[in-house]
Amino acid sequence: MTELPLTGLTPAAGPDVSAPRAGVGAVASPARRSTGVRRGWRGDGATVALVPFLVFVGVFLLWPVGAVVLHSVTPGGSLGIGALVRAVSGPYRSAFTSSLTLAGGSAVIGGVLGLALAFALRGLQRPAWLRPTIDAWSSVASQLGGVPLAFAFVALVGTQGVLTKGLAALGVDLAGAGFSLSTLPGMTFVYLYFEIPLMFLVVAPAVSGLRSTWREAAELMGAGPVRYWWAVGGPVLAPSVLGGMLLLFINAFSAYATAYVLNSSGQLVPLAIRFVLQGNVITGEQDLGYALVTWTVALMAAGLVLMHLLQRRAARWSRA
């Protein structure tokens, strides 16, 4: 007879013991609603702050890219891929080949040297001024390009450059040895000036993030240096290193001003785009220029997608 009332008072029947809790809940609910309002206002403020950026991206990036792609697939006003096929045929194919060679070579060499620099400075404490100085130089040099960079190398190792004359006085003839800033090896040499510091800035955090405990654990398990780098260090650094080299590749492939100063008649995609859009526009070749830009944008987009995937993989290790 007494079990029924007692059952309603058992701890399992939480909703039945509700008189005081209901009052507490009634008081707490407005606080929840007010908190929700404040969060909503914060969200609205963040959205409003993003509007100028989204407008800028839409007007100055998405709209021009969309217009270029549309013109490239509608040569002469009709749908077709003739301009896209022409853009990778004949002399323009050699322009893509030269640009890919230049960008790939500078990305690999700059990536290896930048990674070596990051390892050399890892954990460096003395002298105290060296690491901040290299960090500052890398930040500036990675953004230096165009006419100032080309002029600096012409003044240094050009035909009448200071270093060229100094070496000639010592019996070393750079021109006689086949070195020229207008060739692909010479331009690769110039590009390394901003590729190496850029790679250093990209991979330095990943190199610094290698924990000594990982190597110690590998040694305790009987793994040597080769096994450690094959199973632990290499996989951890690979996404950052490959992503950095992709960034170097994109940076070198799209460089225009430096290449134009060093060799204005060179067979490179940025120079070919300039020639078509500014030189042959009267003869109705603008669709070919749009097609060249479309292939370049497609290549850049593919590189950015790969970089995003690699960065996501690298972020897993940084969170670990």
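1. Arginine 131 forms a salt bridge with aspartate 135, the closest N and O atoms being 3.2 Å apart; the term denotes a side-chain nitrogen of Lys or Arg within 4 Å of a carboxyl oxygen of Asp or Glu. The structure, a predicted model, holds 1 salt bridge. The two residues lie 4 residues apart in helix α5, and therefore about one helical turn separates arginine 131 from aspartate 135.

2. Arginine 131 is partly exposed at 21% relative accessibility, and aspartate 135 is partly exposed at 28% (buried means under 20% relative accessible area, exposed over 50%, partly exposed in between; 1.4 Å probe, protein chains only).

3. The axes of α5 (residues 130-141) and α8 (residues 184-208) come within 8 Å and cross at roughly 120°. The two helices are therefore oblique to each other, and their crossing is left-handed. Residues of α5 including Arg131, Asp135 and Trp137 meet residues of α8, among them Tyr193, Phe194 and Pro197 (contact means heavy atoms within 4.5 Å). By class, this contact has 9 nonpolar, 2 polar and 2 charged residues.

4. Threonine 296 belongs to helix α13 (residues 286-319). With 13% relative accessibility, threonine 296 counts as buried. Leaving aside residues up to four places away in sequence, threonine 296 touches Phe253, Val269 and Ile273.

5. On the basis of these values: in this predicted model, local features need pLDDT of at least 70 and side-chain atom pairs count only at pLDDT 80 or more, while totals for chains, interfaces and linings use all residues. Residues are numbered from 1 along each chain as its sequence is written, and side-chain values use heavy atoms, with hydrogens and water left out.

Terms used
Axes are lines fitted to C-alpha atoms, for helices over the stretch in contact, and angles run from 0 to 180 degrees between N-to-C directions. Angles under 35 degrees count as roughly parallel, over 145 as roughly antiparallel, 65 to 115 as roughly perpendicular and the rest as oblique. A crossing is left-handed if the near helix is turned anticlockwise from the far one by less than a right angle, and right-handed if clockwise. Ala, Val, Leu, Ile, Met, Phe, Trp, Tyr, Cys and Pro count as nonpolar, Asp, Glu, Lys and Arg as charged, and the others, Gly among them, as polar.
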